[in-house]
Amino acid sequence: MAKILDKQRYKCALAAMQTVQAIDRALPVLHSGPGCAQKLSESTGSSGYFSPNIFPCTSINEKDVVFGGVKKLETTIENALKVIDADLYVVLTGCIPQIVGDDTEEVVSKFADSPKPVIYASTAGFKGNNYKGHEQVIDAIVEQYLEPSDTKQKGLVNIWADVPYQDLFWLGNYRELSKLIEELGLTPNVIFGYGNGIKNIDLIPKAEFNLLVSPWVGLQNVRKMEKKFGTPFLHYRTLPIGATETSKFLREVGSFAGVDSAKVESVIKKHEDYFYYLISRYADLFLENRVINKQFTTVADAQYSLAVTKFLVNDLGLVPARQYVVDDTPKDQREAIAQEFKNLNYGIQAEVSFETDGFKIHEEIKQHDYHGYPLILGGYYEKEVTESLKGNFLNISWPVQDKVVLDDSYVGYTGGIRLIEDIYTVAVQRFN
Amino acid sequence: MPINLNTSNLATRENRIGSITGYIGSLKDLATKTECGTLKGCSRCFSQSSTCLSMCGLSQLAAIRDVAIIHHGPSGCSVTSSSSYYMSRVMAKKRGVTSSTIYVGTDMNEKDTIFGSTEALRKIILEVNKRYQPKAIFVSSSCATGIIGEDIDSIVEEVSEEIDVPVIAVHCEGFKSRIWATGFDISDHAVLQGIVKPRREGVSTNKINFKNFFESARPEIIEIFKNFDLEPTFLYCNSTVEELEHLSEALATTCICGTLGNYLGNALEEKFGVPYVRSINQCGIVGFETWLREIGKVTNRLDKVEKYIEEQRAIYLPKIEEVKKELQGLTAVLGMGPGYTFEVSRVLNELGIKVVWALAWHYDKKYENGDVPPSMKYLLDSNIDFEASVADQQNYEVMNILNKYKPDMYLSRHPGSTVWAIKNGTPAIYVADEYMIFGYKHTLEFAKTIVDTIKNRSFEKNLAARTKLPYTKWWYEQNVDKFLEEAK
């Protein structure tokens, strides 16, 4: 049922065009109103090989609403193939064709023999948010484009983690996860970002396993791949940030993949040594400042809320106030995620609210006793409320206005250091 | 078409003033056909995505201080709320005021499209009113709510009985018009319908309504207008509801962009007798002077205006003449909304730059009062001509033109447009700020910016050398009108 979206944290399913955009040389073809792409895209970091104003679009008008837009969709796809040089054309449907009953599947099927693959995903805005839309696009690739493989490539691991663009750090995070996997002697396969693309999509069925690093997004995809390709999956719910979680992550992946534990331990030791070299040098800053207190709150999607909570508790020794998960997590996933928030060092348990109403979140933040200046890591909406409480604010989740990220990452040992740098860059802006 | 404030529904620009989004030819041809009434717009059988009118309309309303916008639709429609939140906070801060404007969505889902969700909407409106006590509440439809026929007018009428501030229905279905500027008209219509009050008896004022986007030149314009004993009221960025209530009392209405302001200007004139300053806009020397004189005429202050012009000319004209020497003979292609394209073409002509092709994102055959837009009339009267097209930001057409004409520069006003020129190796100037060419001072700055842009081409040269463009060789070999079809 319709509900109040006060301080909105996500977009609609059609914003999965950003998932397509993150795949090199894959082109979203939109069967939607003329302005959906501009609305649903980020205004920075969007001018790569394809930008939103390159996306072909049927730009549905009043006539199409009455008479249907299938003819227009057909000429749009047909000419997109001629005008724009892409490797994969992904037709995405918006609200209107879905309501008026355009048969998109039928139109797309006419392009089955075209020289470049054309697939489609049903991403009407009312079908769910962009986290669900992301899953729809991956499912479409698995169902309509890929075929099972007779052979598996030894050590090949498909990595699924962040939702591109919705997560500011998606590119850096995928690159860092790949590096870590590589250090274990495995071969990472990621379809998003630089140097990847259709060749990596083609590798998906050959992987030994799928590694899903996410509390819930992507679970339906890896299950589908298990069924269609027989690919097992490791579901690691916490995006690893910092030494504690990253070492745990490497051990778990290593054990799942059958990597020699001595090798895993040597990788961990190398990274931990450097991590603690830095931590030890800057322990003075952490301990001897007057503005970062123990209690913190995150307001982010499940991915970041959980990951940052674990890092701040298990590595930096902070204590969680209530945490807020704002991605409209499916109800059947909430219990398992809430359990993860309770699995912290020293038996510490973080209370978590699955809440999409920003007003309620702010009211609760204002009521909470942080025993000093609150530390709030969240969306841009939390800036004003944090300032009103004289707290410290870091913009880590959508919407982001306070930070420019090209390929920075919060993942792994390095990512933990980056997050610390960002938190203390805020802290040093003031004395007390 | 007379302005009707008795209904919340406003006809689109296409239907009201014959606006088009598809045309290729020349400026003269476009103007001649406009004048004799034979101009017909074309449609395209292939197009790229552009802009949603709801984004234009609701962003305008969300710029007003301490109001609420309730966007009834799926979460993608209300995504503008996040940028509006940012804008309202930073723009207010810059002015040294505060705004508690709130923009919420209703996160409509599939069930709602089947069973409707007017009851949920009613509760959301009441809840928003309770939470924020806004000074006015705008309730907007979306494509989805429009098609399933949610009756937002009735809901608004119902809740109005329980809420003591104006609650106004705004019809923002994105499929209604390919012209996003229709959104500007929709926001004006909402303000006129729900907020503007009749002139109070006995109130005398020296205020002039000044419709702009983001008021970057506000302090400067306040100073200029002091010379004429006029006080500008800037709209809608940082406006208060109280200011809007009294728009009907101003001496005149003027705007920075005809596309942005003509509905409000004409409506205030028609309904409340507030004169609308109709002239070419303030870009460039001729534009600035023509506009100032028109204000002088309308408000009976021509002497003061002439004095100001004389003083400023002495300061700036020699400097502008000096920079012009470096610009002679350069060529340009530009792509902007029609409120700017034909104005900036005129300025480039003033500076000695040759326009080889001008794209307007749409084209209004006439303004609300039935006249040909003043910018077009000026170019015609001045015997200026160049190739021109009308395309709603169709990037593939822009790139085809840039590739064929290889101009010295491309000028554009819309996000995501200049970057493609640069990838093509064409220096580009992003004329985003509406005051970038305003008056003598900014015309001089604009000319200098062009000189700087042309001087150092490192960025675009480096990028273009390493960029593969997304269009096929086939497309570059086609005529730019390849996909245009006679409108049926």
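This report looks at a three-stranded sheet in chain A and a helix pair in chain B of a predicted model.

## About the model

Local features here need pLDDT of at least 70 and side-chain atom pairs count only at pLDDT 80 or more, while totals for chains, interfaces and linings use all residues. Residues are numbered from 1 along each chain as its sequence is written, with chains lettered from A and ligands numbered from 1 in the order written.

## The sheet in chain A

Let's start with the strands (DSSP runs of E, at least two residues; helices are runs of H or I, at least four, and both are numbered from the N terminus). S2, S3 and S4 of chain A form an open, parallel sheet in that order, where pairing takes at least two DSSP bridges between two strands. S2 (26–31) and S4 (118–122) are at the edges with a single partner strand each, so one side of each has no neighbour in the sheet.

S3 (residues 88–93) is joined to S4(A) by five bridges, and Thr93(A) sits opposite Ser122(A). H4 (residues 70–83) of chain A lies across S2, S3 and S4, at about 160° to S2(A); angles run from 0 to 180 degrees between N-to-C directions, with axes fitted to C-alpha atoms, for helices over the stretch in contact.

## The helix pair in chain B

Next come H13 (residues 284–298) and H19 (residues 439–455) of chain B, whose axes come within 9 Å and cross at roughly 165°.

How values were computed. Contact = placed C-beta atoms within 7 Å.
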